[in-house]
Amino acid sequence: MDLSLATRTVGDRTVVEVGGEIDVYTAPQLRSQLNDAVADGARHIVVDMSGTDFLDSTGLGVLVGGLKRVRTMDGDLELVCSSEKILKVFRITGLTKVFTIHGSLDEALGSSASDGGAAEAGRDGTGTAG
């Protein structure tokens, strides 16, 4: 039940790096981190889940809530995930149609919020934007 969180700014993006397990016990920490980022003015957030080992429905709910929050402010929340186990959760729940999911942080940072091609490429969950 360990979770590590770190936030940094790269250009116009706020990158939230998540490591460990996102579950009912740790999801509130992620929610708080995302809320703090939005309160600090972040509108384009990339959640880097490269170090995430586990994700349950509570964690999915936190990510969806974060996405809804930034979209109300004309922002976006994109994900970085290369773990097949985690990607399977997004596919099963249909959330690959909701989130833009990139295969790497470089890929996510290389795309632009106004780049419709990148956003569309991520919707199928292939992470082939670029």
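This is a predicted model: local features need pLDDT of at least 70, side-chain atom pairs count only at pLDDT 80 or more; totals for chains, interfaces and linings use all residues.
A polar contact is a pair of N or O atoms within 3.5 Å; within protein, one must be able to donate a hydrogen and the other to accept it, and residues adjacent in sequence count only if both atoms are side-chain atoms.

Residues are numbered from 1 along each chain as its sequence is written, and side-chain values use heavy atoms, with hydrogens and water left out.

Start with the overall layout. The chain has five helices and five strands (DSSP runs numbered from the N terminus: H or I of at least four residues for helices, E of at least two for strands). From the N terminus, their order is β-β-α-β-α-β-α-β-α-α. Of the 130 residues, 46% are buried (under 20% relative accessible area; exposed is over 50%, partly exposed in between, with a 1.4 Å probe and protein chains only).

Now return to Thr-52. This residue sits in strand 3, residues 44-55. Its relative accessibility is 3%, so Thr-52 counts as buried. Beyond residues up to four places away in sequence, Thr-52 touches Val-18, Gly-19, Gly-20, Ile-22 and Ile-86 (contact means heavy atoms within 4.5 Å).

The largest nonpolar core has 28 residues (a set of buried Ala, Val, Leu, Ile, Met, Phe, Trp, Tyr and Cys residues joined through side-chain atoms within 4.5 Å). Strand 2 (13-22), helix 1 (27-39), strand 3, helix 2 (57-71), strand 4 (76-80) and helix 3 each supply at least two of its residues. Ile-45 and Phe-90 have the most contacts inside this core. A second, separate core has five residues, among them Val-15 and Leu-105.

Phe-90 also belongs to the one aromatic pair in the structure (ring centres of Phe, Tyr or Trp, the last by its six-membered ring, within 6.5 Å; planes under 30 degrees apart count as stacked, over 60 as edge-to-face, the rest as tilted). The partner is Phe-99: the ring centres are 5.9 Å apart and the planes meet at 80°, so the pair is edge-to-face. Both residues are buried.

Lys-85 gives a contrast. This lysine lies in helix 3, residues 84-93, and is exposed at 54% relative accessible area. A polar atom of its side chain lies 2.9 Å from the backbone oxygen of Asp-53.
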